[in-house]
Amino acid sequence: NNQSDLAQIKEEEGAFKEGGYGWVVVAASFLCNVVLDGIAYSFGVLLPAMEKDFHAGNGSISLVGSVLAGTILLTGPLSAALCNRFGTRYTCCAGAVISGLGILSSSFCHTLPPLVISYGVFGGLGLGLMYVPAVVCVSQYFRKHLSLATGICVCGSGAGTFAFAPLQATLVNSYGWRGCNMIVACFCFVCIVLGLLMIPNSAGFVQNLVFCFNF
């Protein structure tokens, strides 16, 4: 048994391809984190415009951002279960669609409760479904450089925080918060393409592509 187990481990290690197409997956995961955390951490930019539009106080409007952030994190177990059941690609794509539709529909809200539901709940649900696949899929391609690949992936959160705050501020000044959300929703829909790039690490697929991405 011990010899057969060792032989199986060696066979699996021989079939495993380090890196290769995995660097494309790292780039896709990085960009997904740029979008989802950029949206989550730049909600404060929308506060003054929303307060004026809804004639509501800072605390009431801040509830929307709090629900968004909380839903993203609370979605973790559901997202992990869906990754196990349907894979990282479908889970990430579903999250991109849900978040895009939720944030887009928030642009047409004229009272606070629908805004909380569309932007906070559905937007947060979709972004949460994107987060776990964006981290998990990287581990399928790396062993030796897994820490580096994961680090690059998650630093997209910081890049998104830096990029989206001034971007959304510019969009709010030019198109208002409603127009800003419509454009931000398009970024979510772009993540559908990024999700499709998160192809599972199957030996046959990697062997066909590794010569193109042989790092």
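These are legends for a set of close-up views of one predicted protein model.

In this predicted model, local features need pLDDT of at least 70 and side-chain atom pairs count only at pLDDT 80 or more, while totals for chains, interfaces and linings use all residues. Residues are numbered from 1 along each chain as its sequence is written, and side-chain values use heavy atoms, with hydrogens and water left out.

**View 1**
Reading from the N terminus, the elements go α-α-α-α-α-α-α-α-α-α. Helices (H or I, at least four residues) and strands (E, at least two) are DSSP runs, numbered from the N terminus. Of the 215 residues, 42% count as buried; buried means under 20% relative accessible area, exposed means over 50%, and partly exposed is in between (1.4 Å probe, protein chains only). The chain exposes about 10,600 Å², with carbon and sulfur atoms supplying 68% of that. Accessible areas come from the Shrake-Rupley method with a 1.4 Å probe, and for residues only the protein chains shown count as cover. Take the contacts with a separation of 6 or more: 83% of them are between residues 24 or more positions apart. Contact here means heavy atoms within 4.5 Å.

**View 2. Helix 2 packs against helix 9.**
Two packed helices are described by the angle between their axes and the distance between the axes. For helix 2 (residues 22-41) and helix 9 (residues 156-196), that comes to about 145° and 2 Å. Axes are lines fitted to C-alpha atoms, for helices over the stretch in contact, and angles run from 0 to 180 degrees between N-to-C directions. The crossing of helix 2 and helix 9 is left-handed, meaning the near helix is turned anticlockwise from the far one by less than a right angle (clockwise would be right-handed). Residues making the contact include Phe 30, Leu 31, Asn 33 and Tyr 41 on helix 2, and Gly 156, Phe 164, Gln 168 and Phe 187 on helix 9.

**View 3. Asn 33 sits in helix 2.**
Asn 33 is buried, at a relative accessible area of 0%. Leaving out residues up to four places away in sequence, Asn 33 touches Gly 38, Tyr 131, Ala 134, Cys 153, Val 154, Gly 156 and Ser 157.

**View 4. Ser 42 is in the loop between helix 2 and helix 3.**
Ser 42 is buried too, with a relative accessible area of 2%. Beyond its neighbours within four places in sequence, Ser 42 is in contact with Phe 164, Ala 165 and Gln 168.

**View 5. Asp 53 and Arg 178 form a salt bridge.**
Side chains of opposite charge can pair when their charged atoms come close. A search of the whole structure turns up one salt bridge, the term being a side-chain nitrogen of Lys or Arg within 4 Å of a carboxyl oxygen of Asp or Glu. In the Asp 53 and Arg 178 pair, the closest N and O atoms are 2.9 Å apart. Asp 53 lies in helix 3 (residues 47-54) and Arg 178 in helix 9, so the pair ties together parts that are 125 residues apart in sequence. Asp 53 is partly exposed at 35% relative accessible area, whereas Arg 178 counts as buried at 19%.

**View 6. His 55 has a positive phi.**
The angle is near 55°, in a residue other than glycine. His 55 lies in the loop between helix 3 and helix 4 (58-74) and counts as exposed, with 74% relative accessibility.

**View 7. Cys 83 is part of helix 5 (residues 76-86).**
Cys 83 is buried, with a relative accessible area of 11%. Skipping neighbours within four places in sequence, Cys 83 is in contact with Thr 88, Thr 91, Val 132 and Pro 133. Val 132 is 49 residues from Cys 83 in sequence, but their C-alpha atoms are 8.1 Å apart in space.

**View 8. Phe 189 is found in helix 9.**
At 27% relative accessibility, Phe 189 counts as partly exposed. Neighbours within four places in sequence aside, Phe 189 is in contact with Ala 96, Val 97, Gly 100 and Leu 101. Leu 101 is 88 residues from Phe 189 in sequence, with 8.6 Å from C-alpha to C-alpha.
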